[in-house]
Amino acid sequence: MSIFLYRILGSTGYTLRNRRIVLDQMLEIGVHSLPLVTIVAVFTGAVASWQAAYQLEGVMGGVVSLDYLGAGVSAAILIELSPVLAGIVVAGRVGASIAAELGTMRVTEQIDALESLAIDPVRYLAAPRFVAGWTMMPVLVIYSSFVAHMGAYVVAFLLLDISTTAFFGSVQGHFLVYNVFSGLVKALVFGGGTALIGCSIGFRTAGGAEGVGRATIKAFVYSSAFILVGDYILAMVLF
Amino acid sequence: MIEIKHVKKSFDGKAVLRDVHLTIPKGETIVIIGRSGCGKTVLLKSIIGLITPDGGEILVNGKEITTMDREDLFQIRKKFGMLFQGAALFDSMTVEENIGLALWEHTDLSDDEIRRKVREKLEVVGLYNVEQKKPAELSGGMKKRVGLARALIMDPEFVLYDEPTTGLDPIMADAIITLIVETSRKLDITSIAVTHDLVSASKIGDRIAMLDDGRIIFTGTPKELKSTKDPVVKQFVEGKADSTSL
């Protein structure tokens, strides 16, 4: 995997020159993930808001005021919920799809055909996907954080009787740039890692249609595990 | 010229190529025949460096390719074109993009110039007005023709054909054979084809080599192949099964 990453990074110059291929992948990884990320983010924010209210009032008996709900939910969204859940969405949608696409290309000799044309498949196929995953994931996380805040606010306003001023005042009052920074660091690691895992598994696919199926599942499982374990390690390092 | 010297290759402990020795002079069209699974495609892919042999040497115009670094190997590959068994066209690209890709990657030609060259090569293989079609819209024979056009786009010195007629009806197979013979002659290309189809082999090859049990056990003209006394080669030519055939 590290040799693979080294070869991808060595292709950066080529990748930047062939922007069209990277833009295609950015569209696929970023823009086409928006509907699923939106659904996940809205309901993640909504349930976070509802659960936070239950914990503050039901479990803690109102020791901490609901005025702090916005701050607590916002920190959870920025630090953990958005990077991890958007990461899992991308692992399921993009990591698996990269492995399936490249795996199919491998078993149908399309990758051999690229090599026979003296085109390095790592440079032509893997590097643009890595760059797109690496750059689009932070964008998805920023978007997901915004949507999740909106989901949380709607529940707070409509169901918990928390005013707009109280909710966003709480968010603003306890906002830390470092929370956003840590979420973006996670996004960079998760995006690059997911694309790298998908490409690496896709390139090593063998065994026809069955092999492609196995590669797809493997890419999702490994990417998800990478995100969850990586999240724990990054939490230890960043906080 | 391509020289294959004592090449060996095993997969999971099973020897596929044991000691392959073969020389292909410039301009020759050689067909390597043998039973299914005898290692013909492995040998073909070794010649272009897609598979690295476990031992032996492969020299292309005197340069040893099995120990070359990737960048040098990519330079050598620019001298080659390869037609894959299933054509191996890039699904996501149009016919024009499939054929022109190598030019877009390796030359400074303008888009118009590349499109003109793509049209030229499509005419060579007898296809017209298919530039904007996707591979899924083409028949098996058309895919092979597009694959051949792609193999020829860089005006290669060597062209490798992996089972060029497999999966085609007899008429389309004959059309592809004629195309291979004509392009090899017209463009003075050194061609290596692998097949288990003796009809194709006899029509395409100036010389035929038979691969069996990981070794080249026969080389000769199509005429010499038909009159051989070697029992293994004779059995293959006559298509007779025995107790070891299953």
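Modeller: Chain A has 10 helices and 0 strands, where helices (H or I, at least four residues) and strands (E, at least two) are DSSP runs numbered from the N terminus. The model is predicted: local features need pLDDT of at least 70 and side-chain atom pairs count only at pLDDT 80 or more, whereas totals for chains, interfaces and linings use all residues. Residues are numbered from 1 along each chain as its sequence is written, and chains are lettered from A and ligands numbered from 1 in the order in which they are written.

Biologist: What are the dimensions of the box that the C-alpha atoms of chain A fill?

Modeller: Taken along the principal axes, the box is roughly 70 × 35 × 30 Å. Of the 239 residues in chain A, 49% are buried.

Biologist: What makes A:Leu117 buried?

Modeller: A residue is buried if 20 or more other C-beta atoms, placed from the backbone, lie within 10 Å of its own, exposed if 12 or fewer, and partly exposed in between. A:Leu117 has 25 other C-beta atoms within 10 Å and is therefore buried. A:Leu117 lies in the loop between helix H6 (110–116) and helix H7 (121–158) of chain A.

Biologist: Which residues is A:Leu117 in contact with, leaving aside its neighbours within four places in sequence?

Modeller: They are B:Leu101 and B:Ala102; two residues are in contact if their C-beta atoms, placed from the backbone, lie within 7 Å. The contact between the chains takes 11 residues from chain A and 15 residues from chain B. On the side of chain A that touches chain B there are 4 nonpolar, 3 polar and 4 charged residues. Here Ala, Val, Leu, Ile, Met, Phe, Trp, Tyr, Cys and Pro count as nonpolar, Asp, Glu, Lys and Arg as charged, and the others, Gly among them, as polar.

Biologist: How does the reach of helix H10 (residues 208–238) of chain A stand against the expected value?

Modeller: The expected span is 1.5 Å times one less than the number of residues. H10(A) has 31 residues and reaches 43 Å from its first C-alpha to its last, close to the expected 45 Å. Its buried residues include A:Val212, A:Ala215, A:Ala219 and A:Phe220, and what covers the buried residues of H10(A) includes helix H5 (69–107) and helix H9 (177–203) of chain A.

Biologist: Why is strand E7 (residues 158–162) of chain B called largely enclosed?

Modeller: Because 5 of the 5 residues of E7(B) are buried, the strand is largely enclosed by the rest of the structure. B:Phe158, B:Leu160 and B:Asp162 point one way, and B:Val159 and B:Tyr161 the other way.

Biologist: Which strands does E7(B) pair with in the parallel sense?

Modeller: Two strands pair if DSSP finds at least two bridges between them. Strand E6 (residues 80–83) of chain B and E7(B) pair in the parallel sense over 4 bridges, and E7(B) pairs in that sense with strand E8 (residues 190–195) of chain B over 5 bridges. The path from E7(B) to E8(B) passes through helix H6 (residues 170–187) of chain B, and this β-α-β crossover is right-handed. That term applies if, with the strands pointing away from the viewer, the path from the first strand over the helix to the second runs clockwise.

Biologist: What makes strand E2 (14–24) and strand E5 (63–64) of chain B edge strands?

Modeller: They belong to an open sheet of 4 strands in chain B, with the order E2-E1-E4-E5 and antiparallel pairing. Each of E2(B) and E5(B) pairs on one side only.
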